[in-house]
Amino acid sequence: MPTKIDAILSRMTIDEKLGQMILASIEVSQMNDATREFLCANHIGKCYSVWQKTAQGGKNLARLNTEIQAAIQAATGLPALIAIDQEGGCVTRLRSEATVFPSAMVVARTGDADNAYRVGRIMGDELRALGINVNFAPVCDVSTDPKDFIYDRTLGGRTRT
């Protein structure tokens, strides 16, 4: 039985399908004609921005994301995924636009699983308010070696047997 997704895909060209699979890096602080044209001409469905380089406050970032979302929806008829790496600790892209949280390991060491939930919930709410709907935060990273560069980015290690 065909689904709504099947119907959408059956109407799309190969170029449109390819554009939906691209995660384009957008490095502007405000929407401009060149960015809009790039998004529309290439049928882009997902954006990742290096906002720590371009953001000029939360209101500007929210406006930019609203404009990106509008451009992509107008061109494709589909909502855009707008992504960021906002893990906490050393991987915090937004420092003045959102709460700066400690690393996942610090949160885990409190021994209270509710703290991880609270951090995730607040972080998600703040990102949503800025127009970001995907966070590449680590949810399954595991490290057993404190010398490993991802050690402080994990919620816990694996015990050796």
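Which residue forms a salt bridge with Asp 33? The partner of Asp 33 is Arg 36, with the closest N and O atoms 3.6 Å apart. A salt bridge here is a side-chain nitrogen of Lys or Arg within 4 Å of a carboxyl oxygen of Asp or Glu.

The model is predicted: local features need pLDDT of at least 70, side-chain atom pairs count only at pLDDT 80 or more, and totals for chains, interfaces and linings use all residues. Residues are numbered from 1 along each chain as its sequence is written, and side-chain values use heavy atoms, with hydrogens and water left out.

**Salt bridges**

The structure holds four salt bridges, including these:

| Pair | Closest N and O atoms |
|---|---|
| Asp 33 and Arg 36 | 3.6 Å |
| Arg 121 and Asp 125 | 3.5 Å |
| Asp 125 and Arg 128 | 3.4 Å |

Asp 33 and Arg 36 both lie in helix H3 (residues 33–41), three residues apart, about one turn of the helix. Helices (H or I, at least four residues) and strands (E, at least two) are DSSP runs, numbered from the N terminus. Asp 33 counts as exposed, at 64% relative accessibility, and Arg 36 as partly exposed, at 33%. Buried means under 20% relative accessible area, exposed over 50%, and partly exposed in between (1.4 Å probe, protein chains only).

Arg 121, Asp 125 and Arg 128 are linked in a network of salt bridges. Because Arg 121 and Asp 125 are four residues apart in helix H7, about one helical turn separates them. Asp 125 and Arg 128, also in helix H7, are three residues apart. Arg 128 is exposed at 57% relative accessibility, while Asp 125 is partly exposed at 31%.

**Fold and core**

The protein chain contains seven helices and six strands. Of its 161 residues, 36% count as buried. The largest nonpolar core has 25 residues, and those touching the most other members include Ile 26, Ile 68 and Ile 132. Helix H5 gives the most to this core, with six residues. Such a core is a set of buried Ala, Val, Leu, Ile, Met, Phe, Trp, Tyr and Cys residues joined through side-chain atoms within 4.5 Å.

**Asp 85**

Asp 85 is found in the loop between E3 and strand E4 (86–88). Asp 85 is buried, with a relative accessible area of 18%. Beyond its neighbours within four places in sequence, Asp 85 is in contact (heavy atoms within 4.5 Å) with residues including Tyr 48, Arg 93 and Phe 136.
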